[in-house]
Amino acid sequence: MGHKYNVPALWTEQMGQVVAKQDELAAGAYVTGQSLDDMRAAYRKERAFWNEGGPEVFSSEDVMVPTRYGQVRVRHYRPSGEGQRPLIVYVHGGGWVIGDVDTHDRITRTLCHLTGAAVVSVDYTLAPEARFPRQIHECCDVVAHIRENASQWGIDPEDVSFAGDSAGANMSMGTMLMMRDEGSLTSVRAMLLYYGVYGLKDSSSMRLLGGAWDGLTEADYQYYLDQYFADPADVSDRYFNILGSDFSQGIPPCYVVSAGLDPLRDDSRTLADILNLCSVPHLYNEVEGVIHGFLHHSKMLDDTMDVLSEGAHFFTEHPIHR
């Protein structure tokens, strides 16, 4: 594997406590090489602890939404109060292979609570049962359906934002770009993007970081890509290779978060550089001393609530231009 940083010596005290708790809960679970069923079950079991507690919202319910592939479950969170709400579409991470609306429930509840927006978390079809770009199509169809039925959902169809973590940040950007290119969504308020993968094929962070603590060695990352793509050439598709997309127009303000000890860190750094070059309003926050996946850990990690609160403030400070 070549030279690697001693990541455990570099993370913060709180991050070390989180990793110790994660190891206790997971006991080596959800590693690549397991059966998909075992991997998904172990991930759900470990994430259950991190989803306990947190802020309450006025209501949340699971709704089946029609797409070109059939019904897709979404979880609809609403704050208290009457009237139309802005919509934040959340796309969960998990390497396209694991995760669902339950494993990210505390994150999405917190976003609803902090922003005052209606949040819809999309339970897209996982890989390898579905392959790229089906997941992007499902997310596009969910957004289109909700906007077409805005009064039923209690949302403002012209005030839409996207959020996601890890693979979900990639899919959030892919969905926004596809809808922009098709002309089906002409304006977006904001993107809230947490330690995403945006298309780098190599980087210093990929070479120097990643290990058992985050399940993102180079071999692990390749495993996830192999599950997502039926055709390896799709890694160059503009709805996956976000960094190769057209940023000259129609890119909303972006809040971009990276973890300082994440092998995907340089994807976010490069995205922030492109946003800067293209004069797209953005805020980049590289959180030192934390690893990939830290958005789940608000029970024990102060940095988590810091970035969720900062993202909510960014959302509030960038109202939709009509």
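Predicted model: local features only at pLDDT ≥ 70, side-chain atom pairs only at ≥ 80, totals over all residues.
Me: Which residues touch the most other members of the largest nonpolar core?

Reply: In soluble globular proteins, nonpolar side chains tend to be buried together. The largest nonpolar core here has 68 residues, and Trp 96, Phe 162, Leu 193, Tyr 228 and Phe 240 touch the most other members. Helix α6, residues 167–182, gives the most to this core, with 8 residues. Another core lies apart from it and has 37 residues, including Ala 190, Tyr 194, Tyr 195 and Phe 314.

Me: Is Tyr 228 buried or exposed, and what does Tyr 228 touch?

Reply: Relative accessible area is the value to read, and under 20% counts as buried. Tyr 228 has a value of 0%, so it is buried. Leaving out residues up to four places away in sequence, Tyr 228 touches Trp 96, Ala 127, Arg 131, Phe 132, Gln 135, Ile 136, Met 171 and Phe 240.

Me: How many aromatic pairs are found in the whole structure?

Reply: For a ring pair, read the distance between centres and the angle between planes. The search finds 13 aromatic pairs. Trp 96 and Tyr 228 form a stacked one, at 4.4 Å centre to centre and 10° between the planes. Trp 96 lies in the loop between β3 and α3, and Tyr 228 in helix α8, so this pair ties together parts that are 132 residues apart in sequence. Trp 96 is buried too, at 1% relative accessibility.

Me: Is the pair of Phe 132 and Tyr 228 stacked or edge-to-face?

Reply: The angle decides: planes under 30 degrees apart count as stacked, and over 60 as edge-to-face. Phe 132 and Tyr 228 have 65° between the planes and 5.5 Å centre to centre, an edge-to-face pair. Phe 132 lies in the loop between β4 and α4, so the pair ties together parts that are 96 residues apart in sequence. Ring pairs also link Trp 96, Phe 132, Tyr 228, Phe 229 and Phe 240 into a cluster.

Me: Where are Pro 128 and Pro 133?

Reply: Both prolines are worth a look for the peptide bond, where the angle to read is omega. Pro 128 is in the loop between β4 and α4, and Pro 133 is also found in the loop between β4 and α4. A cis peptide bond joins Ala 127 and Pro 128, with omega about 5°. Another cis bond joins Phe 132 and Pro 133, with omega about 10°.

Me: What is phi for Ser 166 and for Tyr 195?

Reply: Ser 166 has a positive phi of about 60° although it is not a glycine. Ser 166 sits in the loop between β5 and α6 and is buried at 9% relative accessibility. Tyr 195, also not a glycine, has a positive phi near 35°. Tyr 195 is in the loop between β6 and α7 and is buried at 2%.

Methods. Residues numbered from 1 in each chain as written. Heavy atoms only, no water. Core = buried A, V, L, I, M, F, W, Y, C linked by side-chain atoms within 4.5 Å. Buried < 20%, exposed > 50% of the residue type's maximum accessible area, 1.4 Å probe, protein only. Helix = DSSP H or I, 4+ residues; strand = E, 2+ residues; numbered from the N terminus. Contact = heavy atoms within 4.5 Å. Phe/Tyr/Trp six-rings, centres within 6.5 Å; stacked < 30°, edge-to-face > 60°.
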